[in-house]
Amino acid sequence: MIAPVDAPATPARPGRRSGSHPGQPLDLRPAQTARRSAVVLLLVLGVLLAVLASLALGSRALAPATVLEALRAGPAAAGPGGSEASVIVWQLRVPRTLLGLLAGAALGVAGGLMQGLTRNPLADPGLLGVTQGAALAVVVAAVTLGAGGVLTPTTTVTAALLGAAAGALVVVGIAAGGPRGRASTTSTGSAGGTDPLTLVLAGAAVTALLGALVQAVVLADATGLQAFRFWAVGALTGTGGVVALAAPVAAVGLVLGLLGARGLDLLALGDDLARGAGLRVGAARGLGVAAVVVLVGAATAACGPIGFVGLVVPHLARALVGPVHRWLLPVAGLCGAVLVLVADVLGRLVVGAGEVPVGVVLAVLGGPAFVVLVRRRRLVAL
């Protein structure tokens, strides 16, 4: 019989309070659950504060009361004859705030899934070829479909989603066809499937190849360069149409990711024990990979490539609630949303009337932050 992943080493009777019977094993689960619930509540509060800051702060600062009044007035108040505050809130800041929530939550959950699937604490969602696949598709679309290299938001999002899915399919296909993927009885392989090490190696190789193809297209055609340089910095400048396209896709990815949480917890025990617990290892990995593809594809299509969120946020979530994925994934989503929104607000404030794209802010802050995280806390072996 296999104990729950987050259970204490010595089982205790359900519902027993810690230390209620001297000499008996302590049941830490109620205390752990209470602490994790408190963390989730604090993060929800943090998301609400970050949303308010995103709506209120920028080159034209608005008081919180003005923001709430504009929200109560509804989007109709931003039409002709509407107040300046309503126009700023509904036409500019609501779409980018929703994009920040979407991208942050998607990349945070995708990072937790990717590190759990590969059992590698340094794994990043970009390793699946999703980001570079999306970049190549956008560049090719700009060269072939763009008007002077400029694409409509719908074309950009659609091309990026298709490219992300194609890049991931190539990586998963290579990993599934590898010699270790066919070895279904090994300790790390899975039937017909995606061995973690093979997946990472295939992802790194395909990502490098796709990156080279992007550079080749950009250097060969100026229109591709024009489209790529605006998309590649990673910014929350999409309109409501972009949000409407990307949000349902991201929602599907979040549901898939949360459905795969228990499977990741069992996979952490090893493939043989996971199979013994009744888990279909290949299907569980396939579900996780599909969730990563959908999540990163939606975020990248809407905002361009945004780095460090998928790498750093799972470590932060793991420090807050531990390695159990049914807690780690929701917390990673909340942490990612807060991080992206705060970075976007900082990018609006640091250069006065202009702004620094959120991808640049995260790249500047994310590198040193990750170094500090690594030095202060040993990375958990997955």
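My entries follow, roughly from the inside out.

**Ground rules.** I am working with a predicted model, where local features need pLDDT of at least 70, side-chain atom pairs count only at pLDDT 80 or more, and totals for chains, interfaces and linings use all residues. Residues are numbered from 1 along each chain as its sequence is written, and side-chain values use heavy atoms, with hydrogens and water left out.

**Cores.** I looked up the nonpolar cores, meaning sets of buried Ala, Val, Leu, Ile, Met, Phe, Trp, Tyr and Cys residues joined through side-chain atoms within 4.5 Å. Buried is under 20% relative accessible area, exposed is over 50%, and partly exposed is in between (1.4 Å probe, protein chains only). The largest core has 79 residues, and L113, L128 and I306 touch the most other members. Helix α12 (residues 281-303) gives the most to this core, 13 residues. I take helices as DSSP runs of H or I, at least four residues, and strands as runs of E, at least two, numbered from the N terminus. Another core lies apart from the largest one; it has 13 residues, including V47, A50, L55 and A85.

**A159.** I found A159 in helix α5 (residues 153-177). A159 counts as buried because its relative accessible area is 12%. Leaving out residues up to four places away in sequence, A159 touches A137, V138 and A141, where contact means heavy atoms within 4.5 Å. A137 is 22 residues from A159 along the chain, yet their C-alpha atoms are separated by 5.5 Å.

**A274.** This one sits in helix α11 (residues 271-276). Is A274 buried or exposed? A274 is at 0% relative accessibility, so I log A274 as buried. Beyond its neighbours within four places in sequence, A274 is in contact with L266, L267, L279 and V281. I also noted G263, 11 residues from A274 in sequence and 8.1 Å away, C-alpha to C-alpha.

**Cysteines.** I counted 0 disulfides, taking a disulfide as a pair of cysteine sulfur atoms within 2.5 Å. C303 is buried at 3% relative accessibility, and C335 is buried at 6%.

**Surface.** V342, L346, V350, V351, V360, V364 and L365 make a nonpolar surface patch of about 560 Å². The largest share, 3 residues, comes from α15. Areas are Shrake-Rupley with a 1.4 Å probe. V350 lies in the loop between α14 and α15, and V350 counts as exposed because its relative accessibility is 56%.

Terms used
Patch = residues over 30% accessible without salt bridge, like charges linked within 9 Å, V, L, I, M, F, W, Y side chains within 5 Å. Salt bridge = Lys/Arg side-chain N within 4 Å of Asp/Glu carboxyl O.
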